[in-house]
Amino acid sequence: MNKKYWQSFGELNQTDAFRKETENEFKEELLPVEELSKEGLLEGKTPRRDFLKYLGFSTAAAALAASCEMPVKKAIPYVQKPDNLIPGVPNYYASTYINGGDAISVVVKQRDGRPIKIEGNEMSGLTKGGTSARAQASVLDLYDTIRLRHPLQRDGKGFKEVSTFEAFDKMVGDALASLGGKQVVLLTSTINSPSTLQLINEFLAKYPGSRHVQYDGVSYSGMLLANEACYGKRALPSYHFDKAKTIVSLSADFLGTWLSPVEFSSQYAETRRVKGKNPNISRHIQFESMLSLTGSNADDRFTHKPSETGAIALALLAKLGGGVSAPAISDARLAKGIDQAAAALMASKGESLVVCGSNDMNIQVVVNAINEVIGANGNTINWAVTSNYRKGIDADLEKLSADISAGTVGAVLLYDCNPVYTHANGKKLGDLLAGLPVTVSFSPTLNETAERCKYIIPHHHWLESWGDAEPKSGYFSMIQPLINPLFKTRAFQDSLLKWSGNASDYHNYLKSFWVTKLGSEDLWNKALQDGVVEAAVAAAPAIFNAGAVTTSASALSSAKSGNIEVVLYEKVSMGDGSQANNPWLQELPDPVSKVTWDNYAMISPELAKTLLGIDVYNNQKQADTYEVTPEKPVIKVTVAGKSIELPALILPGLNPSTIAIALGYGRESANPEHSKDRVGRSATGAGKNAFPMAVFNGSTVVYNAVASAEKTGNVYPLAQTQVHGSSEGRPVIYETSLSDYSKEPGNVLKHPREERELLLVDGKTDFVKDATIYPDHVKPGIKWGMSIDLNTCTGCSACVVACTAENNVSVVGKIQVQRAHEMHWLRIDRYFTGDKQNPDVVFQPMLCQHCDNAPCENVCPVAATNHSSEGLNQMTYNRCIGTRYCANNCPYKVRRFNWLDYTGSDSFADNQEPLRGTDLDDSVFQMNEDLTRMVLNPDVTVRARGVIEKCSFCVQRLQESKLESKKNQDPSIVRNVKTACMQACPTHAISFGNVNDKESDVYKIRNVDQKDRTFYVLEQLHVLPNVSYLAKIRNTDRQLGHHDEEHHEEKKGAPAKAHA
Amino acid sequence: MSRYRKIINRIFASCLFLLLVSVQNNVKAADGEALWKANCANCHKPDADYTGPALKGWRDRVPNEEWIYKWVANPAAMIATDAYAKSVFEKWKPTVMTGFSNLKKEEVDAIMKYVDDYQPPAPKTAAGGGAAAPETDNSLLFGILTLVLAVVAFILLQVNSNLRKLSDEKEGVLRGEPVPFYRNKAYIMAGILVLFGIGGYYTINGAIGLGRQKDYQPEQPIYYSHKVHAGVNQINCLYCHGGAQDGKHANIPSVNVCMNCHMAVNEYKGDPIVKEDGTPVDGTAEIQKLYSYAGWNPKTKQYNPDNNNDGIPDGARPIEWVKIHNLPDHVYFNHSQHVKVGKQNCQTCHGNIQEMGEVYQFSDLSMGWCINCHRESKVDFFNKETGEGNKFYSIYEKFHNDIKNHKLDSVTVEKIGGTECQKCHY
């Protein structure tokens, strides 16, 4: 019997409510006809008359629709067609996604002049074609309705339009000229654009006494200062996870949100990919307080109080012989973990790496000392190339705030930062800004900071901008506009040029900057075409100065701890909240908690027991009461007098003293009445702002604190997707440890292979043909197949957003997610397994498996879903009548039903409005604005109400690639096809191709390279999926993948049902 | 009860009879003409050359009457082997007739008989013409006959029921007063059934036709004559509709493409253009309209200056053509697939566009129409021996073997999945 995997406490304990729920998959009330079965046609509560009403309505509706005239449509060609554009044929341009200091090289798909999809740029040496969820979603921000459409000027309590840029320039120019010698401060996010930095210096030179302050919503000051103390450089080095055999992370979420997760994911995957018979994969040990995405991927994971991070770093350094004394670690498991980590780090000395997510400078100094001892400096940490992702120093902003209070600052110009929201004392900062004579904001929206400013000149979206970025020294990435500015906006750099008296515009400035740098205009054009300019630099160490370690160590040994501590973290979807009004990101389930649309207080089951009196492990009734309904108990968390009330989400794997709260939520205008127009309909009401709980410790802002918490008696609904599809106890995941795998690679899949044998009778051997009563259909040309590597999938969810963007997947809003109506074609299932207190986590991307013997196809009464000769399970929306038999019969629960008119594409107009507020959220209406709909992919049908939809393997891409191949008479061209999820994946966990082609990746993975790890989910049902998975291998000493002591196995009846 | 059963039986029997008669009737009456319209009329006219030759008088031209069966089944093979076939090809090349191996001998006979019997429709004489054209449509006659028979059947049923009543009275069986026929449930039911049948027939036909626009010929902002451009002046279709070989849309050309020629061609000197309803069209005036859209000054022979800096001459604006060929949103259609890969002529779907004044929709663009073509059209299958054909198809191992073993003679679009839902709907 296989190891137990569970998604919820109900599943773990097999509670009554869980069983009922899995039996009754669709909870919605169906048409009243359902009752008839019990009571007969006429006796029912909803008798014949109702039936006739429905019949009459549908007849009348059909007649009405039938009598409609065909509308007259216009076809309007260009007056002068641009040369490089053929209507209907997409163009691709390289550019760069920038947000704060983040920079990801991308290729943007432009269709008829509209950017509609972001793809990773495979020429980038940093991301290697990977993207993040936020980069994927940023194309929707371009069409955000809250973007400002022209420059604004404060007018009493509101704002008025400034009609021309010239008028604006004159106003600001006059204001800056009449400051009377007071300072001009340019407050920006981290800027890693070399041309912009040069331009800023030129601007500052025009206004003597002015300065440039960089500020990050989520700060990395601690590392910058620690590096200054240890290496004499206020900079961040390059990390090389790809060269590391042992990776120890002290609460750094480097696969999700820490520094440059796309780059790190790509490197990390290199060390996690199983190659050959005796594979080598890295060992990853995570110490953390909450359960992060990175922690979920670790081989071994240990939890501790947030305040203990320093102690652990010290203990680790002491164990490694660093000559420091460490405070005693009382938790035996944790102490053992530190021993293990130290041993592993030393064993692979020179190929080890320790990273730490803390923003406490002292901890980072100790981590630097550890990296010195284990020989990371110069090997896995490269000081020859520095990272420019974050440069902000927290103390600088504190000083600015003090200077404003002191009256020495006359003007503040704010670009790409929102301190009123992201700063712990943002409200106070806002008041200070409002009191200044000159405040200019370049914000594209009227966000919390911009609305306190006097002048607002909106900056372009990056898809409308020229620019460059230098995420790491020597690695340049170009930005070129994909569309003319939609509104009357102007580049920040253009304004600075104007105000510093430079007549050139930024495009020419940038071009001459680069032509000078590269040597010729041809090279500049090539740089734009490729999107990246990179120079190889050999790795080099920096000279370590151990002087700071002793002081830091003594400071750390007196860290304050408490019974309850709060830790603030970023989510992969939301980050610091700058993209909070993006419905795709809001509806993206958090990979670990599976919650959408909100933040919450994550607590462990142990804390839940003491704080809320809910024992999810042992008291079935309490577990069900907590888990079955979306309403969660609200707790009040207080840090240093500041309180926040949030729903509690119980999750195993957290430290029992820890409450984890995500940043980036709770965006709100100073006057909440304006919130929907200014911060947006999707951002408003989503969660609470946790930034005020961050603490400035005198040198940096730290994101953990001693807190108190109490139960409030209120409840708040959370829209969680995790238990919407259950495999009902059937094994869907296989994993083993590296040592077991190396000994006997075949063992990991022994169980499913045996089950396959059971289906074969009378000495027959061919599972595909002989184990079924259905005939085998040949796939004469192409047979599409996908392989997903569970070892390299980190759960980052970039694929989910890429799928949403590519396939026009509807946003359904929080109310509908609560009703399990989310429409995602691709979801990432999260399973817990093993020790209940410290479970292992497995992520499994789940999409339509395109079964060759698909159970959905047999039950469709109208043949709306059927099979193609290329192995695709086809869904024909215009034939679907919405019986949902297919969804009911799908063992993978990947079929989605359009319960409501989410897209406004129904033939009956205006059937959304009556549902506003009760069934449809404002975010659904936001998605249906004309402006927002410009993001739709014209090659994919926008589905109407009442039909089933699901993953199509991006059939539009497959068809396009086949056409290309036919036009060029070269069948090998189809090998280049990439589905949207595969293209977005930063770890290349997904392979796709023609299984009939022996040269294709997916054929080689299944039949040659990874034969021993290839399994199909629920293979024993003989549905013959076309998606295969590669079993997970963990590099740990623990025993994995065997039947362990779990006593639940006997109790549950689910597996027996599976075979029924 | 037994009485009802008898009536039901009778109704059933007469329905069955009517059905049989009508089916038989269909087969005989429709055969030749329907087959002709479905298979041949796209390219042939009985009495005039079209895409293919006029067919009247074929018996005198072909070597023997068996020839026609072989030709219809596989013209390409015949061209290679048969001298007369080759001569026909020489005359009409590069067009090659599509093979119709699905047509049976009798069906070919029926078609050819239709061709032989074909009389061009008599030109309509002026109103009040005395000579009545012979009535060829028999449906009125059949209708009257059916009605008469129905009345006779009704009278007989009434007589039967009266006789039964008399006999019952004679035998002393007590029965209630006979129900008049208009309250007789059997008659009412029969009436409802008939009405339901007729109503259903028209509703379904109406519903099927919903959204189809065959013969749609809207008035366009400029009277653009394809006959003048593509017909008389022989401009290649792809010169203006280049998108047809590059992408999904054929694309209506932008105004600057029109101006490529019309900077020089500023008046119409060809044969008089007359609309279908007889109104004459002033070609030169239509060219002037184009100039106004393009922002071109015909007097100075220059574009207007671009004073408002929008990148186009002042006064220039796009032409808002009325879209004729509309597919529903859930249909994916790609021109380049058909033009570049499938090597289809534009005329296959758009009709004889080179003879149209204002364009009308030639095909009904229905799914059945698409599917039929996909079933019949052959792909340019790769021949491993000769290396001919599209190399993409070299991956279809099974079909290569089948062709080699003579199980298959050619590969249709349907064979490679061309009739599957997700080839056009996604």
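**Figure 1. Chain A meets chain B in this predicted model.** The contact takes in 43 residues of chain A and 50 residues of chain B. On the chain A side, strand E2 (74-75) and helix H33 (955-967) each supply at least two residues. H33(A) gives the largest share of that side, six residues. Sorted by class, the side of chain A that touches chain B holds 20 nonpolar, 15 polar and eight charged residues.

Figure 2. Look for Ala75(A): Trp321(B) in E5(B) stands opposite.

**Figure 3. Phe953(A) has a positive phi.** Most residues other than glycine have a negative phi. Phe953(A) is not glycine, yet its phi is near 60°. Where does Phe953(A) lie? It sits in the loop between strand E39 (948-949) and H33 of chain A. Is Phe953(A) buried or exposed? Phe953(A) has 27 C-beta neighbours inside 10 Å, so it counts as buried; the cut-off for buried is 20 or more.

**Figure 4. Gln234(B) also has a positive phi.** Here the value is near 55°, again in a residue other than glycine. Gln234(B) is found in a loop of chain B, between helix H9 (226-232) and helix H10 (237-240). Its surroundings can be counted too. Gln234(B) counts as exposed because it has 8 C-beta neighbours inside 10 Å, and the cut-off for exposed is 12 or fewer.

**Figure 5. Chain B contains 17 helices and five strands.** Chain B has 426 residues, and buried residues make up 15% of them. Now take the contacts in chain B between residues at least 6 apart in sequence. Of these, 58% join residues at least 24 apart.

**Figure 6. Four strands of chain A form an open sheet.** The strand order is E40-E33-E42-E41, and the pairing is mixed. Which strands are at the edges? They are E40 (990-994) and E41 (1014-1015) of chain A, and each pairs on one side only. Strand E33 (residues 784-789) of chain A pairs with E40(A) in the antiparallel sense, over five bridges. Within this pair, Gly785(A) stands opposite Gly993(A) in E40(A).

**Figure 7. Helix H35 of chain A lies across the sheet strands.** This helix covers residues 1001-1009. H35(A) lies across E33, E40, E41 and strand E42 (1027-1030) of chain A. How does H35(A) run relative to E40(A)? The angle is about 105°.

**Figure 8. Domain 1 of chain A touches domain 3 of chain A.** Chain A is divided into domain 1 (5-16 + 725-1059), domain 2 (152-219 + 392-530), domain 3 (229-387) and domain 4 (562-718). The centres of domain 1 and domain 3 of chain A, taken over C-alpha atoms, are 34 Å apart. Their contact takes 19 residues from domain 1 and 22 residues from domain 3. On the domain 1 side, the elements giving two or more residues are helix H25 (738-743), strand E35 (840-846) and strand E43 (1032-1034) of chain A. By class, this side of domain 1 has seven nonpolar, ten polar and two charged residues.

How values were computed:
Residues are numbered from 1 along each chain as its sequence is written. Chains are lettered from A and ligands numbered from 1 in the order in which they are written. This is a predicted model: local features need pLDDT of at least 70, side-chain atom pairs count only at pLDDT 80 or more; totals for chains, interfaces and linings use all residues. Two strands pair if DSSP finds at least two bridges between them. Two residues are in contact if their C-beta atoms, placed from the backbone, lie within 7 Å. Axes are lines fitted to C-alpha atoms, for helices over the stretch in contact, and angles run from 0 to 180 degrees between N-to-C directions. Ala, Val, Leu, Ile, Met, Phe, Trp, Tyr, Cys and Pro count as nonpolar, Asp, Glu, Lys and Arg as charged, and the others, Gly among them, as polar. Domain bounds come from an automatic or database domain assignment.
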